[in-house]
Amino acid sequence: MTNSNNDFILKMMSKVLDRQSITYEEALRLICSEDLDTLANCAKNLTNKLAGNGIDVETLINAKSGTCPEDCSFCAQSSFNSTLIEKYPLLPPEKILLQAENAMNSGANSFCIVCAYKAPPEKDFKQICDTIKLIREKLDIEVNVSLGFMTNERATILKNLGVKRYNHNLETAKSNFEKICTTHSYEDRINTAKIVKKAGLELCCGGIIGMGESVEQRVELGVALASLDPDEVPINMLIGREGTPLYGQHLITEKEILQTVATFRFLMPKTILKIAGGREVHLKGDDKKILQAGANGIITGGYLTTKGNKPSDDFKMLKEIGVR
Ligand code: SF4
């Protein structure tokens, strides 16, 4: 630890508190910081002052699983990858409603309907709309969706149905994207993110770290995300699933996760930074550390194709660190 490094982190915190953006070079210096305590404390301070001290707790449902025609190399649901996941068509509205009710009763404040499509066929899109209507009529929980690529027309329909947030991740840095996916482009992803915002939906847009990207590319992703001004940024940590090209890769350490999350907080001081898929494997119960280093959201109760913590365990953990 050096004093100059410590001084630099404090200077960056003041800059962000003064409502100024930090540059790519400054973010790169932050993410390489070895003074983890100062970095985490400053990121936490920014979170409390600019994003509030609550924690967003979300539950997901994988409402249509597998057979996606895209070739994302990290994804167990791609039809290019031979994984042993359960594959099924779109679930009926009643089944999704029941899951939403369980999520609400477990204490989650939002419920995200996620479907593995490039974009839903019209019949499925209509059924998803009916499901959203049903949940909005019967339950008091925010409804978010993740359905692949959007058109302006569909985004407006979702907005009018009362959907709060639309998830569409950038996945990785632009300079790393072709190594991860070849069936669509980075620009396609940016385009849907912009359509979502234009329709007045909140944008949930994040990525996955630990896919072999460099530290510079992690910062590149953070800067690209910040430029979209997302309301929420989920940060997933790769678990290389058997049957995917990234199987067996564990390319990120807990220290790097902390450095990344804290730096993303400097880049996006007001957003919900949500630690998502992979936290149970990579953090091994040390989620508290990341929640005290700039993160202010979690996904509880499992992910799309992997299990997660029980909501009761997560709420206990949140109580222990004294957050709402
Ligand atoms: S588009 Fe989404 S569901 Fe399809 S392979 Fe890529 S990450 Fe998986």
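The model is a predicted one, so local features need pLDDT of at least 70, side-chain atom pairs count only at pLDDT 80 or more, and totals for chains, interfaces and linings use all residues. Residues are numbered from 1 along each chain as its sequence is written, and side-chain values use heavy atoms, with hydrogens and water left out.

Start with the ligand. The residues around it are Cys68, Glu70, Cys72, Phe74, Cys75, Ser78, Ala116 and Arg189, where being near means having a heavy atom within 4 Å of the molecule. Sorted by class, this shell has five nonpolar, one polar and two charged residues. For that sorting, Ala, Val, Leu, Ile, Met, Phe, Trp, Tyr, Cys and Pro count as nonpolar, Asp, Glu, Lys and Arg as charged, and the others, Gly among them, as polar.

The side chains of arginine 189 and glutamate 171 meet in one, at 3.5 Å from N to O (a salt bridge being a side-chain nitrogen of Lys or Arg within 4 Å of a carboxyl oxygen of Asp or Glu). Arginine 189 sits in helix H8 (residues 186–198) and glutamate 171 in the loop between S4 and H7, so the pair ties together parts that are 18 residues apart in sequence. Helices (H or I, at least four residues) and strands (E, at least two) are DSSP runs here, numbered from the N terminus. Arginine 189 is buried, with a relative accessible area of 8%, and glutamate 171 also counts as buried, at 8%. Buried means under 20% relative accessible area, exposed over 50%, and partly exposed in between, using a 1.4 Å probe and protein chains only.

Glutamate 171 has a few more things going on. Its phi is near 75°, a positive value in a residue other than glycine. Leaving out residues up to four places away in sequence, glutamate 171 touches Phe74, Phe177, Arg189, Gly206, Gly207, Ile208, Met211 and Leu221, with contact meaning heavy atoms within 4.5 Å. Arginine 19 likewise has a positive phi, about 65°, although it is not a glycine. Arginine 19 belongs to the loop between helix H1 (3–17) and helix H2 (24–31), and it is exposed, with a relative accessible area of 60%.

Next come two lysines. Lysine 64 lies in strand S1 (residues 56–64). It is buried yet has no salt bridge, and the nearest side chain of opposite charge, aspartate 124, is 6.7 Å away.

Lysine 118 is found in the loop between strand S2 (110–115) and helix H5 (122–138). It is partly exposed, with a relative accessible area of 35%. Beyond residues up to four places away in sequence, lysine 118 touches Cys68, Pro69, Glu70, Leu147, Gly148, Phe149 and Thr183. Its C-alpha atom is separated by 40 Å from that of asparagine 41, 77 residues apart along the chain.

Back to the salt bridges: the structure holds 18 of them. Glutamate 187 and lysine 174 form one through their side chains, at 3.1 Å from N to O. This pair links distant parts of the chain, with glutamate 187 in helix H8 and lysine 174 in the loop between S4 and H7, 13 residues apart. Another joins aspartate 130 to lysine 133, with the closest N and O atoms 3.9 Å apart. These two are three residues apart in helix H5, so they are separated by about one helical turn. Both are partly exposed: aspartate 130 at 43% relative accessibility and lysine 133 at 40%. Finally, Asp56, Glu58, Arg165, Glu202, Glu232 and Lys274 are linked in a network of salt bridges.

How values were computed
Lys and Arg count as positive and Asp and Glu as negative; His and the chain ends are not counted.
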